[in-house]
Amino acid sequence: HSIQQVNEMKYEEFLQVFGNVVEHCALCAAAIWAHRPFYNVQELHAELCHFIDNLPSIGREGILRLHPDLAGRIAQLGLLTSESKKEQLSAGLDTLTEDERETIMDLNERYKEKFGFPFVICARDNKKHAILTGLKIRIENTSEVEVTTGVEEVKKIMMYRLLDLVKTDN
Ligand SMILES: NC(=O)NC1=NC(=O)NC1=O
């Protein structure tokens, strides 16, 4: 879709196209449709970031809770969204050794136990070793730091998903 086509979309089509740029959180796209027209994909991304940043912390934590674990049960059951599946594959999470898988699952469980939301990282920016390192380092952070860090990763994931949907070579 060109940005011109995006700006002409009724909200139903806009939601069909952009409803999952934030994983399982169609509210974000549903809200910022009202701010069309968008000059380009960067502005569309900025509007979504602005909406997310203005949520109370309980809302931002909620956005994190909507994310599937990396190499988690949902992934093993083949129940990831198409976007998440592609992202987790790009990080090489389908090539984990049994040890690596056990370590990630254990760290994810401990992270969730500590924070009450999952570890979120942009899998298209981080291969499996960076993900393991990120888990080990970030689990030592405070909850406040991790809400902010996780949301910043959600914004990166969102940018990639937007670039997959909006043609920028106009
Ligand atoms: N917990 C996560 O970080 N999940 C994910 N990150 C991505 O980039 N895709 C996911 O599914």
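Predicted model: local features only at pLDDT ≥ 70, side-chain atom pairs only at ≥ 80, totals over all residues.
Arg161 belongs to helix H10, which covers residues 143-165, while Glu23 sits in the loop between helix H2 (11-18) and helix H3 (26-32), so the pair ties together parts that are 138 residues apart in sequence. Arg161 and Glu23 are both buried.

## Salt bridges of Asp164

The structure holds 14 salt bridges, and side chains of opposite charge can pair in general when their charged atoms come close. Asp164 takes part in a salt bridge with Lys86, where the distance from N to O is 3.1 Å. Because Asp164 lies in helix H10 and Lys86 in helix H7, this pair ties together parts that are 78 residues apart in sequence. Asp164 is partly exposed, with a relative accessible area of 42%, and Lys86 is likewise partly exposed, with a value of 46%.

Asp164 also forms a salt bridge with Arg124, in which the closest N and O atoms are 2.9 Å apart. Here the two residues come from distant parts of the chain, 40 residues apart, with Arg124 in the loop between helix H8 (98-115) and helix H9 (128-138) and Asp164 in helix H10. Arg124 has a relative accessibility of 25% and therefore counts as partly exposed.

## Surroundings of the ligand

The residues around the ligand are Pro68, Leu70, Ser84, Glu87, Gln88, Phe119, Val120, Ile121, Cys122, Ala123 and Ile157. A polar side-chain atom of Gln88 lies 3.3 Å from an oxygen atom of the ligand, whereas Ile121 contributes a polar backbone atom, which is 2.9 Å from a nitrogen atom of the ligand. Taken alone, the ligand exposes 290 Å², and the protein buries 99% of that area.

## The largest nonpolar core

In soluble globular proteins, nonpolar side chains tend to be buried together. In this model, the largest nonpolar core has 49 residues, of which Phe14, Phe18, Val22 and Leu44 touch the most other members. At least two residues of this core are supplied by each of helix H1 (3-8), H2, H3, helix H4 (41-53), helix H5 (57-65), H8, H9 and H10. The largest share comes from H10, which provides seven residues; the same helix H10 also carries Arg161 and Asp164.

## A nonpolar patch on the surface

Which residues form a nonpolar patch on the surface? The patch is made of Ile74, Leu77 and Leu79, which together have about 300 Å² of accessible area. Leu79 is found in the loop between helix H6 (73-76) and helix H7 (82-90). With a relative accessible area of 59%, Leu79 is exposed, because residues over 50% are counted in that class.

Technical notes
Residues numbered from 1 in each chain as written. Heavy atoms only, no water. Patch = residues over 30% accessible without salt bridge, like charges linked within 9 Å, V, L, I, M, F, W, Y side chains within 5 Å. Areas by Shrake-Rupley, 256 points an atom, 1.4 Å probe, with all protein chains shown as cover. Salt bridge = Lys/Arg side-chain N within 4 Å of Asp/Glu carboxyl O. Helix = DSSP H or I, 4+ residues; strand = E, 2+ residues; numbered from the N terminus. Buried < 20%, exposed > 50% of the residue type's maximum accessible area, 1.4 Å probe, protein only. Near = heavy atom within 4 Å. Polar contact = N/O pair within 3.5 Å; in protein donor to acceptor, adjacent residues only side chain to side chain. Core = buried A, V, L, I, M, F, W, Y, C linked by side-chain atoms within 4.5 Å.
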